[in-house]
Amino acid sequence: MESFEILKIAANALNSKKAHDMNAVKVDELTVLCEYFLICTANSSTQLRALCDEVEDKLKEKGVMPHHIEGKASGWIALDYGSVVVHVFGRTEREFYALDKMWADAENIDLENILEEAIGD
């Protein structure tokens, strides 16, 4: 599956569970880690787990499994899908680690268009 399609499915999964402050950046010009980072905030530990579960479920339905999941017992869970890494933060952790600032030179992806496409499908 194409990287952008993984990003689109993950973003819509997060949106369906009311993720906050969602941001996607294309980092392939800046790192060899992956092509996209998808970053969002959860309001509680329960929502944090629900967001991650929803991403996993929606991508699994399409036959896409994570290569690795890190931080299941913390306030920052990273779901590594190879070309796309989904970062789900608690509020405190999002502010502390400031990935948005760290990757400020990356190309921002307009999530509004991605989310609108899914509604029209």
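Colleague: What makes β2 and β5 a pair?

Modeller: Bear in mind that this is a predicted model. Two strands pair if at least two bridges are found between them. β2 and β5 have 7 bridges and run in the parallel sense, so they pass that cut-off. One spot to look at is Thr41, which stands opposite Phe89 in β5.

Colleague: And in which sense do β1 and β2 pair?

Modeller: Antiparallel, over 5 bridges. Thr41 turns up here too: in β2, Thr41 is the bridge partner of His20.

Colleague: Why is β2 called largely enclosed?

Modeller: Count the buried residues: 7 of the 7 in β2 are buried, so the rest of the structure largely encloses this strand. Tyr36, Leu38, Cys40 and Ala42 point one way, while Phe37, Ile39 and Thr41 point the other way, and all are buried.

Colleague: Now helix α1. How do you know that its length agrees with what a helix should span?

Modeller: Take 1.5 Å a residue: the 14 residues of α1, 3-16, should then span 20 Å. The end C-alpha atoms are 20 Å apart, so the two values agree. Just after α1, Lys18 takes a positive phi of about 65°.

Colleague: What makes α1 largely enclosed?

Modeller: In α1, 10 of the 14 residues are buried, so the rest of the structure largely encloses this helix. Among them are Ile6, Leu7, Ala10 and Leu14.

Colleague: Which residues have the most contacts inside the largest nonpolar core?

Modeller: Leu14, Leu38, Val55 and Val86, in a core of 30 residues. At least two residues of this core come from each of α1, β1, β2, α2, β4, β5 and α5. α1 gives the most, with 7 residues. As for Val55, leaving aside neighbours within four places in sequence, Val55 is in contact with Ala10, Ala13, Leu14, Leu79, Tyr81 and Val86. There is also a second, separate core of 11 residues, which includes Phe37, Val85, Trp103 and Ala106.

Colleague: On to the rings. Why is the pair of Trp76 and Tyr97 called tilted?

Modeller: First, rings pair if their centres lie within 6.5 Å, and those of Trp76 and Tyr97 are 4.7 Å apart. Then the angle: planes under 30 degrees apart would be stacked and over 60 edge-to-face, so the 45° here counts as tilted. Trp76 lies in strand β4 and Tyr97 in helix α3, so this pair ties together parts that are 21 residues apart in sequence.

Colleague: What about the rings of Phe96 and Tyr97: what makes that pair edge-to-face?

Modeller: Their planes are at 90°, with the centres 4.9 Å apart, so the pair is edge-to-face. Over 60 degrees is what the label asks for. Ring pairs also link Trp76, Phe89, Phe96 and Tyr97 into a cluster.

Colleague: Is Phe96 buried or exposed?

Modeller: Exposed: the relative accessibility of Phe96 is 64%, and the label starts over 50%. Tyr97, at 38%, is partly exposed, and Trp76, at 25%, is partly exposed as well.

Colleague: How many salt bridges does the whole structure hold?

Modeller: The search finds 6.

Colleague: Why do Asp21 and Arg91 count as one?

Modeller: The rule wants a side-chain nitrogen within 4 Å of a carboxyl oxygen, and N to O is 3.4 Å for Asp21 and Arg91, so they qualify. Asp21 is in strand β1 and Arg91 in helix α3, so the pair ties together parts 70 residues apart in sequence.

Colleague: What separates Glu54 and Lys58?

Modeller: About one helical turn, as they are 4 residues apart in helix α2. Glu54 counts as buried at 15% relative accessibility, because buried means under 20%. Lys58, at 32%, counts as partly exposed.

Colleague: And which residues form a network of salt bridges?

Modeller: Lys26, Asp28 and Glu35. Between Lys26 and Glu35, the closest N and O atoms are 3.9 Å apart. Lys26 is partly exposed at 23%, and Glu35 is partly exposed at 22%.

Methods. Residues are numbered from 1 along each chain as its sequence is written. This is a predicted model: local features need pLDDT of at least 70, side-chain atom pairs count only at pLDDT 80 or more; totals for chains, interfaces and linings use all residues. Side-chain values use heavy atoms; hydrogens and water are left out. The expected span of a helix is 1.5 Å times one less than its number of residues. Buried means under 20% relative accessible area, exposed over 50%, partly exposed in between (1.4 Å probe, protein chains only). A nonpolar core is a set of buried Ala, Val, Leu, Ile, Met, Phe, Trp, Tyr and Cys residues joined through side-chain atoms within 4.5 Å. Contact means heavy atoms within 4.5 Å. Rings of Phe, Tyr and Trp (its six-membered ring) pair if their centres lie within 6.5 Å; planes under 30 degrees apart count as stacked, over 60 as edge-to-face and the rest as tilted.
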